[in-house]
Amino acid sequence: MLRRPATETQITHGRRLWLYALVGLVVLFLIAPSIVVIVVSFSSDRYLAFPPTGWSMRWYDAYLGQQEWRDATVVSVIAAILTMIVSTVLGTLAAYGLHTLGARISRIGYLLFTLPLIIPGILIAIGIFMLYAWAGLNNTMTGLVLAHSVMAMPLVVITVASGLRGYDMSQEMVARSLGASRPWAFLTVTLPQIRISIVSGALLAFITSLDEVVISLFIAGGDNMTLTKRMFNALRDELDPTIAAISTLLIAISVVLLAVTQLLQREERGR
C-alpha cells in the first residue's frame with residue numbers, strides 16, 4: 001500500500017513522504033515557541049532559561065500565591081465574559097441584518113465589520129486611547145470591554161454569517177406568514193438552528209479578549225489592569241518563569257476552547 005500503486009495514476013503514501021515531512025517541519029516551526037514556554041514553566045531556575053537545569057512547580061505556586069496576579073486574572077476573566085456577551089449579541093444581530101440585506105450592501109457591511117482584523121492592532125489601540133482620553137474611559141472596565149468587543153465582534157459576525165448561509169430563511173418566513181413578528185420568529189425559529197455558530201463565535205470572542213495585549217497596554221491600568229498587561233510589565237522588570245507558567249495556562253485554555261469550537265462546527269456540518 002505504501003509503495004505499490006493500484007493504478008498508474010495513483011500517488012501512494014511513499015511518494016508523499018516528502019510532503020508529510022515538510023508539513024511536519026512547518027507544524028513543528030509553528031508550535032516550537034509554545035513548547036519552549038511550556039517546558040520553561042516547569043523550570044526550577046530563578047530566571048527564564050532553556051533548557052531548564054531542574055524541574056519544579058514553584059512558578060505555578062508563585063502565580064497563584066500573589067495577590068497582584070490573582071487580581072489581574074479576575075479583571076481579565078470578567079472583561080472576557082462581558083466582551084463575549086456584548087460581542088455575541090451585537091455580532092449576531094449584525095450578521096443577521098447583513099444576511100437579510102441585498103448582496104451589494106451586505107458585502108460592504110462585511111468589509112466594514114472585518115476592518116479591525118485588517119488594520120494593525122497598534123493603530124486601533126492608539127485611536128481608542130485618544131478617544132478614551134477625551135471620554136474618560138481609560139483604566140475602566142467599561143472602556144476595556146468596549147475596546148475588546150471591537151476586536152472580537154468581527155469573529156462573531158464571520159462565524160454567525162457562516163451558519164446563516166447554511167440556514168433556509170424560508171422557515172422564518174413561514175413563521176412570519178403565520179403571524180409571528182420578525183423578532184419572535186428569529187428567536188424561536190432561526191436562533192435555535194444557528195445556535196452552534198453563535199456559541200462558536202462566543203467562545204472565539206472570549207479567547208480574543210482573554211489573550212488581547214496591545215489595546216490593554218494602552219487603556220488598562222490601576223485596578224483594571226489585565227493579566228496580559230501585568231505579564232508584559234513583569235517580563236520587562238522581573239524575567240522569572242512565572243510568565244511561562246501563566247502563558248502555559250492561557251495556551252491550555254485557548255486550545256481547549258478552540259477544540260470545543262471545532263467540535264461544535266463539525267457537529268453543525270454533520271446535521
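**Residues and helix packing**

Analyst: Asp 71 has 40% relative accessibility, so Asp 71 counts as partly exposed. The cut-offs: buried is under 20% relative accessible area, exposed is over 50%, and partly exposed lies in between, with a 1.4 Å probe and protein chains only. This is a predicted model, where local features need pLDDT of at least 70, side-chain atom pairs count only at pLDDT 80 or more, and totals for chains, interfaces and linings use all residues. Residues are numbered from 1 along each chain as its sequence is written, and side-chain values use heavy atoms, with hydrogens and water left out.

User: Where does Asp 71 lie?

Analyst: In helix H3. Helices are DSSP runs of H or I with at least four residues, strands are runs of E with at least two, and both are numbered from the N terminus. Asp 71 is 159 residues from Arg 230 in sequence, and their C-alpha atoms are 10.0 Å apart in space.

User: OK, H3 and H10. What angle do they pack at?

Analyst: About 140 degrees, with the axes 8 Å apart. H3 covers residues 67–100 and H10 covers residues 195–211. Axes are lines fitted to C-alpha atoms, for helices over the stretch in contact, and angles run from 0 to 180 degrees between N-to-C directions. H3 and H10 are therefore oblique to each other. On the labels: under 35 degrees is roughly parallel, over 145 roughly antiparallel, 65 to 115 roughly perpendicular, and the rest oblique.

User: Which residues of H3 and H10 make the contact?

Analyst: From H3, the list includes Ser 76, Ala 80, Met 84 and Thr 92. From H10, it includes Ile 198, Ala 202 and Phe 206. Contact means heavy atoms within 4.5 Å. By class, the contact of H3 with H10 has ten nonpolar, six polar and no charged residues. Nonpolar covers Ala, Val, Leu, Ile, Met, Phe, Trp, Tyr, Cys and Pro; charged covers Asp, Glu, Lys and Arg; the others, Gly among them, are polar.

User: And H3 with H7: how do the axes cross?

Analyst: At roughly 40 degrees, coming within 6 Å. That makes H3 oblique to H7. The contact of H3 with H7 divides into 19 nonpolar, eight polar and one charged residue.

User: What about H6 and H7?

Analyst: H6 (residues 121–135) and H7 (residues 141–165) pack at about 150 degrees, and their axes are 12 Å apart. That makes H6 roughly antiparallel to H7. Ile 124, Ile 128 and Tyr 132 in H6 meet Gly 143, Leu 146, Ala 147 and Met 151 in H7. The classes there are six nonpolar, one polar and no charged residues.

User: What sits in the loop between H6 and H7?

Analyst: Asn 139 is found there. Its phi is near 65 degrees, a positive value in a residue other than glycine. Most residues other than glycine have a negative phi. Asn 139 is partly exposed, with a relative accessible area of 41%.

User: Switching to rings. How many aromatic pairs does the structure hold?

Analyst: Four. In one of them, the ring centres of Tyr 96 and Phe 186 are 4.6 Å apart and the planes are at 55 degrees, so the pair is tilted. Rings of Phe, Tyr and Trp (its six-membered ring) pair if the centres lie within 6.5 Å; planes under 30 degrees apart are stacked, over 60 edge-to-face, and the rest tilted. Tyr 96 is in H3 and Phe 186 is in helix H9 (residues 182–193), 90 residues apart.

User: Are Tyr 96 and Phe 186 buried or exposed?

Analyst: Both are buried.

User: Now Thr 226. What does it touch?

Analyst: Ala 72, Val 75, Ser 76, Leu 144, Ser 216 and Ala 220, not counting residues up to four places away in sequence. Thr 226 is in the loop between helix H11 (214–219) and helix H12 (227–237). Thr 226 is buried, with a relative accessible area of 2%.

User: And Ile 243, which helix is its place?

Analyst: H13, residues 242–270. Ile 243 is buried at a relative accessible area of 10%. Leaving aside neighbours within four places in sequence, Ile 243 is in contact with Trp 69, Met 231, Ala 234 and Leu 235.
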